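Have the sequence and the model up on your screens, and let's walk through a few spots together.

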Amino acid sequence: QMLRYGNHSAVRHVIVQVAGKTHEHLLTLLFDKYKLNLHVRGVNRYLLLGQGDFATHLMDMLGPELSKQPQQIYNHNLSAILESAVRASNAQFDDSDVLNCLDAQVLTRSAGTDGWE
């Protein structure tokens, strides 16, 4: 069918075809190139603490560190604790693309607080 003014069914058919190809391409990019499923799983495991052995080791090691005054907490110490928790748990076997996204940082420090706040 040719696209002509007033030929709504032909226009609708082209739009449906283009939408299908666009949807297919977008899903391929998200899941194959950018590994969306791995990153969503990583959010569950590490941000939501779903990786039990990692979460336990991380919190055990962070307790003493976060009990310090804010000016005594340093990024390199937090990063070392995070790396240790990964190495000591099954997290070490996770995809490197996910593990490379893990990071620990000290946010703005407030006087009179400890690292838990």
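**A walk around the helices**

So, let's start with Ile73, which counts as buried at 5% relative accessibility; buried here means under 20% relative accessible area, exposed means over 50%, and partly exposed is in between, with a 1.4 Å probe and protein chains only. Before I go on, the ground rules: this is a predicted model, local features need pLDDT of at least 70, side-chain atom pairs count only at pLDDT 80 or more, and totals for chains, interfaces and linings use all residues. Residues are numbered from 1 along each chain as its sequence is written, and side-chain values use heavy atoms, with hydrogens and water left out.

Back to Ile73: you'll find that residue in the loop between α3 and α4. When I say helix, I mean a DSSP run of H or I with at least four residues, numbered from the N terminus. Now look across to Gln105, which sits 32 residues from Ile73 along the chain, with 9.7 Å between the two C-alpha atoms. Gln105 is in the segment after α5 (96-99), and at 53% relative accessibility Gln105 counts as exposed. What does Gln105 touch, if we skip residues up to four places away in sequence? Asn75 and Leu78, where contact means heavy atoms within 4.5 Å. There's also Asn77, 28 residues from Gln105 along the chain, and their C-alpha atoms are 9.6 Å apart.

Two packed helices are described by the angle between their axes and the distance between the axes. For α3 (residues 52-66) and α4 (residues 75-87), the axes come within 8 Å and cross at roughly 155°. The axes are lines fitted to C-alpha atoms, for helices over the stretch in contact, and angles run from 0 to 180 degrees between N-to-C directions. That angle makes α3 roughly antiparallel to α4, since over 145 degrees counts as roughly antiparallel.

Who makes the contact between α3 and α4? From α3 it's Phe54, His57, Leu58, Met61, Leu62, Glu65 and Leu66, and from α4 it's Asn77, Leu78, Ile81, Leu82, Ser84, Ala85 and Val86. Sorted by class, that's 10 nonpolar, three polar and one charged. In that sorting Ala, Val, Leu, Ile, Met, Phe, Trp, Tyr, Cys and Pro are nonpolar, Asp, Glu, Lys and Arg are charged, and the others, Gly among them, are polar.

Keep your eye on Phe54, one of the α3 residues in that list. The count of aromatic pairs comes to one, taking rings of Phe, Tyr and Trp (its six-membered ring) with centres within 6.5 Å; planes under 30 degrees apart are stacked, over 60 edge-to-face, and the rest tilted. The ring centres of Tyr46 and Phe54 are 5.0 Å apart with planes at 90°, so the pair is edge-to-face. Both Tyr46 and Phe54 are buried.

Most residues other than glycine have a negative phi. Lys35, though, has a positive phi of about 50°; Lys35 lies in the loop between α1 (8-33) and α2 (36-47) and is partly exposed, at 27% relative accessible area. Leu49 is found in the loop between α2 and α3, with a positive phi near 60°. Leu49 is partly exposed too, with a relative accessible area of 38%.

Terms used. Helices (H or I, at least four residues) and strands (E, at least two) are DSSP runs, numbered from the N terminus. Angles under 35 degrees count as roughly parallel, over 145 as roughly antiparallel, 65 to 115 as roughly perpendicular and the rest as oblique.
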